[in-house]
Amino acid sequence: MNDNLKGKHFITLQDWTKEEIDTLLETSFDLKKKFASGIETEYLKNQTIFLMFFEQSTRTRNSMEAGITQLGGHAHFLDTSTMQITHGEIAKDTASILSRYGHAIACRNCFWEIGNNYLNDLAKWSTVPIISMQCDLYHPLQAIADLMTIKEKIGVLEKKKISIIWAYATSHKKPISVPLSQVLLFTRFGMDVTLAYPEGYKLPDWVMDNARENAEKSGGSVSITHDQDEAYQDAYVVIPKNWGNWVTNPDKDVVDELLESNKNWKCTEEKMALARKDVIYMHALPADRGNEVEDSVIDGHHSVVYDEAENRLHTAKAVMTLTMQGK
Ligand code: CP
């Protein structure tokens, strides 16, 4: 076991070296194999992790809770609306106190221009690792599970076209953290990343600058298009998913004129036919079925969404195993 990562925060994979991410992937694959074989993995016996949620979750909460149990530890689910945070308790006090009670603090706070600052504030005062369960900018647990899934499905990553494609949705104004984390991570692994979105849905300029630097170092590439068809064309992997126009319009309203004018940004069988025959369809879930994607695609033979969601368990366990103190 690589002990160098003990105590390391997991707020963005940008703070993890390529070698550290490779260790994370190797640990995830090892834990997945052991889970399938029924081999016990009590690396975090009697350890406690606090899971602070400012928002709803299905996958993140349950992969972390099931994961820590399988590692021999225990999670406290904390709905922050029931904590003293609602009476103004600051991150310093919350982090300092929970640090004394347990072995890691995980938090989801996606409020625009607040979430990432809140997580970094926790990290400043915590004496145990802070694990992001998604903020306004990053969703590292999703990105690492996605990378694991892509490795499983297509093998060699270098020079493979992967398209992250904006899609229409009305369910809620989704954070930019999933596409942002994916663009930054996949460009570190030599992939040819295409980011496709209608005008108005850009990611921050610094993200694209970093992605270009990553691609230059890894031998991959990154490009932006406003043409859906170009993104699907010959892709090995497509990830059509909605995100909000936070960068150009920080209003919380879900539906606006811009959104409604882009209803045609939907993943259909027709679009999928433009990609390679063996293309895989991915989505972090929950999907806005009928808007982001046709049922026949998400339930069809190109879709790997349940394998992708399963890998949230194995990667979450790897993050906890590597960063928490253990035996
Ligand atoms: N993909 C994801 O983070 O799912 P949840 O919002 O259900 O945790």
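What share of the contacts in the protein with a separation of 6 or more comes from residues 24 or more positions apart?

View 1. Residues 24 or more positions apart account for 82% of the contacts with a separation of 6 or more, a contact being heavy atoms within 4.5 Å. The helices (H or I, at least four residues) and strands (E, at least two) are DSSP runs, numbered from the N terminus. Along its principal axes, the C-alpha trace spans about 55 × 45 × 35 Å. Of the 327 residues, 57% are buried; buried means under 20% relative accessible area, exposed over 50%, and partly exposed in between (1.4 Å probe, protein chains only).

A word on reading the views: residues are numbered from 1 along each chain as its sequence is written, and side-chain values use heavy atoms, with hydrogens and water left out. As this is a predicted model, local features need pLDDT of at least 70 and side-chain atom pairs count only at pLDDT 80 or more, while totals for chains, interfaces and linings use all residues.

**View 2. Domain 1 meets domain 2.** The assignment gives domain 1 as 3–139 + 311–323 and domain 2 as 142–308, with bounds that come from an automatic or database domain assignment. Their C-alpha centres lie 25 Å apart. Across the boundary, 26 residues of domain 1 are in contact with 30 residues of domain 2.

**View 3. The largest pocket, between the two domains.** Both domain 1 and domain 2 give residues to the lining, so the largest pocket lies between them. About 760 Å³ of space lies inside. The lining has 28 residues, and E55, Q56, C110, H172 and P175 lie nearest the centre. By class, 11 lining residues are nonpolar, nine polar and eight charged; here Ala, Val, Leu, Ile, Met, Phe, Trp, Tyr, Cys and Pro count as nonpolar, Asp, Glu, Lys and Arg as charged, and the others, Gly among them, as polar. On a 1 Å grid over the protein atoms alone, a pocket is an open set of points where a 1.4 Å probe fits, with protein on both sides within 12 Å along at least five of seven lines, and lining residues have an atom within 4 Å of a point. Points are joined across faces, edges and corners, and the volume is the space filled by probe spheres set on them.

**View 4. Backbone details at P286, E113 and Q134.** The peptide bond from L285 to P286 is cis, with omega near 5°, and P286 sits in the loop between β9 (280–281) and α11 (295–298). E113 is not a glycine, yet has a positive phi of about 65°. This residue belongs to the loop between β3 (104–109) and α4 (115–125), and E113 is exposed at 58% relative accessibility. Q134, also not a glycine, has a positive phi of about 120°. Q134 lies in strand β4 (residues 130–135) and is buried, with a relative accessible area of 9%.

View 5. Leaving aside neighbours within four places in sequence, T48 touches H74, H76, G102, H103, A104 and M324.

**View 6. K202 in a loop.** Here is K202, between β6 (192–196) and α7 (205–218). Is K202 buried, exposed or partly exposed? K202 is partly exposed, with a relative accessible area of 31%. Beyond its neighbours within four places in sequence, K202 is in contact with Y197, V247 and T248. K202 and K252 are 50 residues apart in sequence and 17 Å apart in space, C-alpha to C-alpha.
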